[in-house]
Amino acid sequence: MSSLTLMLAPMEGVIDHTMRALLTRLSPYQRCVTEFLRVTDKVLPERVFFRICPELEHAGATPNNTPVYLQLLGSNPQILANNAKRAVDLGIKGIDLNFGCPAKTVNKSKGGASLLQTPGIVGDIVACVRDQVPSNIPVTAKIRLGFNDDKQFETLIRKLDAAEPTEITVHARTKVQGYKPPAHWYRIAAARSLTNIPIVANGEVWSTEDAIQCVKASGCNRLMLARGALMRPELGRLIQQQQTNQPQQVLPWREIAGLLMEFFEAQGLYYDAKYTPSPVKQWLVYLKHYHAQAALLFEQVKRIKDPVGFGRALEAHLRSTDT
Ligand SMILES: Cc1cc2nc3c(=O)[nH]c(=O)nc-3n(C[C@H](O)[C@H](O)[C@H](O)COP(=O)(O)O)c2cc1C
């Protein structure tokens, strides 16, 4: 594999700033992206930008200095550009535009993946934002292969090429394909011949072997990790170690249990205590695809709603991993 650059994907309701802080520490990501900020008809107040990207208080980077891009979702080019400019004034390191969200509410209001049906509008949005955001700030686009099918994929790439974003991330499935395997990495290879803009391949990378296959099939040396990074928080590190022929430093469960506790405590610093068990349970759901211990712990805690009881159960589990 030639030199490989990894990005951490945006995941609404899952990868907030507390999760970004953990995951960017455990794996080497060139950048990460906020959950999407939905833009309709006005420039949003400052507090909304700080809420979705608390890293703005710290020069727009995670504690280990990984740049955070703000993801905007909407369909009005000028309003998106105005919001992008405000984010830049607040110190954001980059703007990412969402053309992949499959959610019904988002698509009804003509945002996210629904725009893939009108490649011209995708191009107009990206061109408008690119034009109005200072040239030293990256403007990236995240797309899928299409909406119902992938017939317009090449047209989309051509429109994006003309709009000149800094980078295009392709989640190699259509909206209709949702999150079902496989991801059609080979479709990205064809698109690469249509543009010189760097393309980031995304979808179904769960292991170092998947990363190798994805690079081979897509021809990309940039990959974005999403669910795989939650299932194995050190996946990005393992992929880098694999390609530089270094020994693989697999995270033992004891350390992951410590991370769960750290995540729970970080939640408590930012959110009302009653909301803190849910994100930890949600992370366990991803972890249990790989770690049998996560499945056991999930069974033990899944019904605990009280944050104090939940914290005690986590502590007891953590202690049990020492023996
Ligand atoms: C729960 C969840 C939330 C997501 N939220 C976003 C989002 O806010 N913005 C976005 O562009 N993509 C979002 N995605 C898509 C991911 O960024 C990624 O493109 C997708 O999961 C495919 O990668 P994977 O197969 O490695 O998970 C989300 C995916 C999931 C499963």
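1. A residue is buried if 20 or more other C-beta atoms lie within 10 Å of its own, exposed if 12 or fewer, and partly exposed in between. Leucine 238 has 19 C-beta neighbours inside 10 Å, so the residue counts as partly exposed. That cut-off returns in several points below. Please also keep in mind that this is a predicted model.

2. Leucine 238 sits in helix H10. Leaving aside residues up to four places away in sequence, leucine 238 touches Thr208 and Gln248. Threonine 208 is 30 residues from leucine 238 along the chain, yet the two C-alpha atoms are separated by 6.7 Å.

3. Now the rest of that helix. H10 covers residues 235–243, and its buried residues are Leu235, Gly236, Arg237 and Ile239. Note the charged member of that list: Arg237 is among the buried residues, and Arg counts as charged. Which elements cover the buried residues of H10? They include strand E1 (5–8), helix H1 (17–26), helix H8 (208–218), strand E8 (222–225) and H9. After H10 comes asparagine 245, with a positive phi near 55°.

4. Overall architecture. The chain has 14 helices and eight strands. Its C-alpha atoms fill a box of roughly 60 × 45 × 35 Å along the principal axes. A compact globule of 323 residues would have a radius of gyration near 20 Å, and the chain agrees, with 20 Å. Of the 323 residues, 45% count as buried. Take the contacts between residues at least 6 apart in sequence: 68% of them join residues at least 24 apart.

5. The ligand shell. There are 23 residues around the ligand. Which of them come nearest? They are Ala9, Pro10, Glu12, Ala226 and Arg227. Strand E2 (31–38) and helix H9 (227–231) are the elements that give two or more residues to this shell. By class, the shell has ten nonpolar, eight polar and five charged residues.

6. A helix pair. Helix H3 (residues 77–89) and helix H5 (residues 119–132) have axes that come within 9 Å and cross at roughly 35°. The crossing is right-handed. On the H3 side, the contact is made by Pro77, Gln78, Leu80, Ala81, Ala84 and Lys85. On the H5 side, the residues are Asp124, Ile125, Cys128, Val129 and Gln132. By class, this contact divides into seven nonpolar, two polar and two charged residues. The spacing can be read against helix geometry. An α-helix has 3.6 residues a turn, so residues three or four places apart point the same way. In H3, Pro77, Ala81 and Ala84 belong to the contact; in H5, so do Asp124, Cys128 and Gln132.

7. Backbone exceptions worth checking. Most residues other than glycine have a negative phi, and most peptide bonds are trans. Alanine 59 is not a glycine, but has a positive phi of about 60°. Asparagine 65 likewise is not a glycine and has a positive phi of about 80°. Alanine 59 lies in the loop between helix H2 (46–52) and strand E3 (68–73). Asparagine 65 is found in the loop between H2 and E3.

8. Are these two residues buried or exposed? Alanine 59 has 12 other C-beta atoms within 10 Å, so it is exposed. Asparagine 65 has 9 other C-beta atoms within 10 Å and is exposed. Histidine 58 also has its place in the loop between H2 and E3. With 13 C-beta neighbours inside 10 Å, histidine 58 counts as partly exposed.

9. The loop between E6 and H7. A cis peptide bond joins proline 181 and proline 182, with omega about 5°. Proline 182 is placed in the loop between strand E6 (167–174) and helix H7 (186–192). Glycine 178 also has its place in the loop between E6 and H7. Glycine 178 counts as exposed, because its C-beta neighbours inside 10 Å number 10. Serine 135 is 43 residues from glycine 178 along the chain, and their C-alpha atoms are separated by 34 Å.

Key. Residues are numbered from 1 along each chain as its sequence is written. This is a predicted model: local features need pLDDT of at least 70, side-chain atom pairs count only at pLDDT 80 or more; totals for chains, interfaces and linings use all residues. A residue is near a molecule or strand if its C-beta atom, placed from the backbone, lies within 6 Å of it. Helices (H or I, at least four residues) and strands (E, at least two) are DSSP runs, numbered from the N terminus. The radius of gyration is taken over C-alpha atoms; the globule rule is 2.2 Å times the number of residues to the power 0.38. Two residues are in contact if their C-beta atoms, placed from the backbone, lie within 7 Å. Axes are lines fitted to C-alpha atoms, for helices over the stretch in contact, and angles run from 0 to 180 degrees between N-to-C directions. A crossing is left-handed if the near helix is turned anticlockwise from the far one by less than a right angle, and right-handed if clockwise.
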